[in-house]
Structure formats: structure tokens, C-alpha cells
Amino acid sequence: MYSKCGDLDTASDLFEGLEQRDVISWNVMIGGYTRMSCHKEALGLFQRMLQSNIEPSDVTFLSILPACASLGALDLGKWIHAYIDKNFQYSDNISIWTSLMDMYAKCGSIEAAQQVFNSMKHRSLASWNAMISGLAMHGLAEKALELFSRMTNEGYKPDNITFVGVLSACSHAGLLDLGRQYFSSMVQDYAISPDLQHYGCMVNLLGRAGLFDEAESLIQNMEMKPDGAIWGSLLGACRVHKHVELGESVAKHLFELEPENPGVYVLLSNIYAGAGRWDDVARIRTLLNNKGMKKVPGCSSIEVDRVVHEFLVSDKVHPRCKEIYDMLNEVDTILEKAGFVPDTSEVLQDMDEEWKEGALSHHSEKLAIAFGLISTKPGTTIRIVKNLRVCGNCHSATKLISKIFNREIIARDRNRFHHFKDGSCSCNDHW
């Protein structure tokens with residue numbers, strides 16, 4: 001009860017006070033942490049459960065796999081998969097296999113997700129939806145749309161979640177005409193009324209294509225009031241296309257809807273910075289400070305030997321801090337010799353160019369990659385997870401790092417996956 005009501009402290013006190021704990025007690029506590037997005041705590045408790053010689057059940061896995069997915073804890077996810085194969089080999093619990101597939105996709109191993117999907121004897125609509133969404137977030141639009149066709153050919157009727165995956169696939173790949181076709185088909189062929197997520201995909205697709213009039217028209221004709229995510233998509237497109245006036249107008253809607261969301265102020269500030277309007281950048285920053293709001297700090301995580309390491313921007317608390325910064329300096333020197341010039345327009349403060357370059361080189365994803373380079377064998381794939389959208393500068397730098405160090409780097413940001421290999425990215429610079 002306490003767990004489901006969000007009072008994890010009291011739930012934990014009761015749990016720790018139990019003289020004897022059965023699998024249900026552990027499942028309740030692990031599930032509570034996962035539901036409240038306390039994923040590291042969920043993983044820690046799961047490890048304790050195993051050390052206590054309690055056999056996990058299928059319910060345990062349905063709670064812990066989403067935590068692995070969220071943190072990008074692929075090694076632990078693989079161990080769970082091996083455990084399930086050994087002990088639940090003949091389980092007909094489709095939800096477990098669907099969760100495994102979802103975990104692999106969200107941990108950056110889309111090939112393993114496809115293997116799980118292909119090995120399933122029975123599939124639910126949720127299984128198809130998870131695979132379509134997984135392919136979409138990895139930018140594999142063609143495969144996602146092929147799978148959608150296969151699904152309908154096998155007699156499954158798509159639902160609103162299916163079309164979120166399909167439209168996301170079109171959005172991530174910039175497939176404008178196909179996106180329009182699927183959006184119309186959803187309404188006309190399947191009688192599914194678009195919800196905010198569907199509109200969000202379309203607004204993102206149109207905005208990224210620079211079709212602002214069509215995007216605004218779609219918003220005006222929606223059957224429901226647009227939410228922050230829809231206006232946020234349009235504001236993001238304004239940043240990409242440096243559309244300052246519309247950006248200001250869209251930001252006003254967001255200030256009304258989400259007055260306590262610092263991200264809106266930061267994005268508008270970013271648009272002003274891109275236009276070189278530093279007085280406006282300073283005004284927005286002052287407004288942000290006066291309201292007592294702070295920008296959400298960039299945080300990137302990387303799993304090495306089943307331990308998840310987290311880094312904030314300019315982080316100096318990791319035990320191997322000196323080695324990490326030595327590697328970072330080496331990377332920056334190599335990049336400079338290779339002709340890489342940091343795009344300092346991404347830095348919002350009006351500061352000297354040299355200081356801007358320093359601010360960019362200490363972004364959390366650069367620290368995570370540097371840690372990956374010193375902690376894993378040459379040629380090993382590096383997988384990182386970031387809580388925010390990867391910036392253009394880090395994106396360009398990572399492409400070059402993948403080529404110079406001969407590493408595949410798989411990065412999940414807030415929007416999608418980026419597979420960096422041999423100097424290029426799977427997103428084709430469309431994100």
C-alpha cells in the first residue's frame with residue numbers, strides 16, 4: 001500500500017523490519033522502486049535478493065527489466081535473460097519475453113531484441129508494438145514499417161500504441177509523405193482517433209521539415225487542447241531552423257502551460273543564442289534565476305562490469321576522475337589534430353571562445369565516453385544513456401571519436417538512439 005501510494009521511505013522501513021522475507025516481499029519493494037523511477041535502488045535491491053538466496057519469479061523480472069532498460073544496464077539484462085532461459089525455458093508468459101525484448105531495444109542492442117522477438121512462439125499485440133517502437137527509436141524506419149505490414153498481414157489489428165511507434169519511425173527518419181499517409185490511414189482505415197502522442201509525432205515531423213504553417217494548422221484543428229510536449233516539439237523545430245519570432249510565440253504558450261518548466265526557458269535562450277541575441281539570452285537567464293528555477297543538469301550513464309556509472313557535466317566525483325580527464329584531454333588533442341572545430345554556438349553564455357570550448361568538452365556524454373575508453377578493451381562497443389537531447393557539438397565529436405578509436409558508440413538520448421560507427425551516425429544527422 002505504501003509503495004503504491006508513493007511513500008517508499010515508509011515501505012522500505014517496513015520491509016527492512018521484516019524478520020523473514022519471501023519472494024512477494026522483495027517483488028513488492030522492487031516494483032515500488034521501479035514504478036517511482038528509482039531504478040538504481042531497484043537494481044541494488046534485486047542484487048540483495050539474489051544474495052539472500054531468494055529465487056526470483058516472473059513477477060520479479062517484470063519489475064526489474066524496466067529498471068535495466070531505463071539505466072541501460074545491458075550486462076545485468078543479459079544475465080537475467082540467461083537465468084530465464086535456464087529456469088523459465090518453457091514459460092508461456094508472453095509479458096516476460098516482451099519485457100526482455102523491450103530491455104534489449106532500450107539498452108541499445110536492437111539485434112538481440114529482434115532475436116528474442118523472432119524466437120517467440122506466441123506474440124501479443126504488445127510484443128509487436130514493442131518491436132516496432134524499438135526499431136523506430138533506433139532510426140530503423142524501413143524495418144519498423146515492414147514489421148507493421150507483417151503484423152497486419154498476420155491478422156493483428158493495430159491500436160493507438162502501434163501507430164505511435166509507426167509515426168515515431170517516420171518522424172525519426174524524416175519520412176514526411178509516409179507519415180502523412182499513416183496518420184490518415186490510422187483515422188480512416190482503423191477508426192483510431194489521434195491522441196496527443198500521434199499529434200506530437202506529426203508536429204515534430206512537419207516542424208523538422210520546416211513546414212511551420214502546416215504544423216500550426218494541425219495544432220489549431222486538433223480535437224483536444226495541445227499539451228506541453230506538442231508545443232515543445234514545435235519550439236525544438238524553431239531552434240533547428242532558427243525561427244526566432246515563432247519560437248517566441250510558441251514559448252508563450254509553454255509559459256502558460258508549464259510555468260515551472262525550466263526547459264522552456266533554456267530552449268528559448270538557445271534560440272536567442274543561435275541568433276546571437278545575447279541581451280535576450282541574459283534576460284531569459286535572469287528570469288530563470290529570479291523564479292528560482294535551474295536547468296536540468298545533463299546526466300549520462302554507462303554500465304561497465306554490471307556496475308552503472310553516472311556522470312554530470314564537469315563531474316569531478318568519480319574515483320577515476322584524474323584518468324577520465326587525462327583521457328578527455330587526449331581525445332580533445334586528437335580531435336583538434338584531425339581538424340575538429342567545436343561549434344561554440346551551442347553554449348548559451350556570452351563568454352570567450354576558449355572558455356566555450358572547455359564547457360563543451362566537459363559535457364556528461366564526453367565524460368562517459370572517456371570512462372568507457374579507459375575501462376573497456378579496444379574495439380569494444382561503448383553504450384551510454386543521456387537524460388537530455390545530445391547537443392550538436394557532442395554529436396559531431398562522437399562521430400569522429402568512433403572513427404579515430406575504432407569504436408562503435410551507441411548513445412541513447414531523450415529522443416532516440418544514435419549508432420556512431422566509422423565517423424558517421426545512424427540518424428544521418430536528423431534528430
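Helices and strands are taken here as DSSP runs, numbered from the N terminus. In this predicted model, Asp422 is placed in the loop between strand 5 (417–421) and strand 6 (424–425). Asp422 is not a glycine, yet its phi is positive, at about 50°. The residue is exposed, with a relative accessible area of 53%, a value that counts as exposed because the cut-off is over 50%.

A positive phi is also found at Asn53, where the angle is near 60° in a residue other than glycine. Asn53 belongs to the loop between helix 3 (39–51) and helix 4 (58–71). Its relative accessible area is 68%, and Asn53 is therefore exposed.

Strand 1 pairs with two strands. With strand 2 (residues 307–312) the pairing is antiparallel and spans 6 bridges. These two strands form a hairpin with 2 residues between them. In the turn of this hairpin, Asp305 has a positive phi of about 55°. Strand 3 (residues 382–386) also runs antiparallel to strand 1, to which it is joined by 3 bridges.

Conventions
Residues are numbered from 1 along each chain as its sequence is written. This is a predicted model: local features need pLDDT of at least 70, side-chain atom pairs count only at pLDDT 80 or more; totals for chains, interfaces and linings use all residues. Side-chain values use heavy atoms; hydrogens and water are left out. Two strands pair if DSSP finds at least two bridges between them. Helices (H or I, at least four residues) and strands (E, at least two) are DSSP runs, numbered from the N terminus. Buried means under 20% relative accessible area, exposed over 50%, partly exposed in between (1.4 Å probe, protein chains only).
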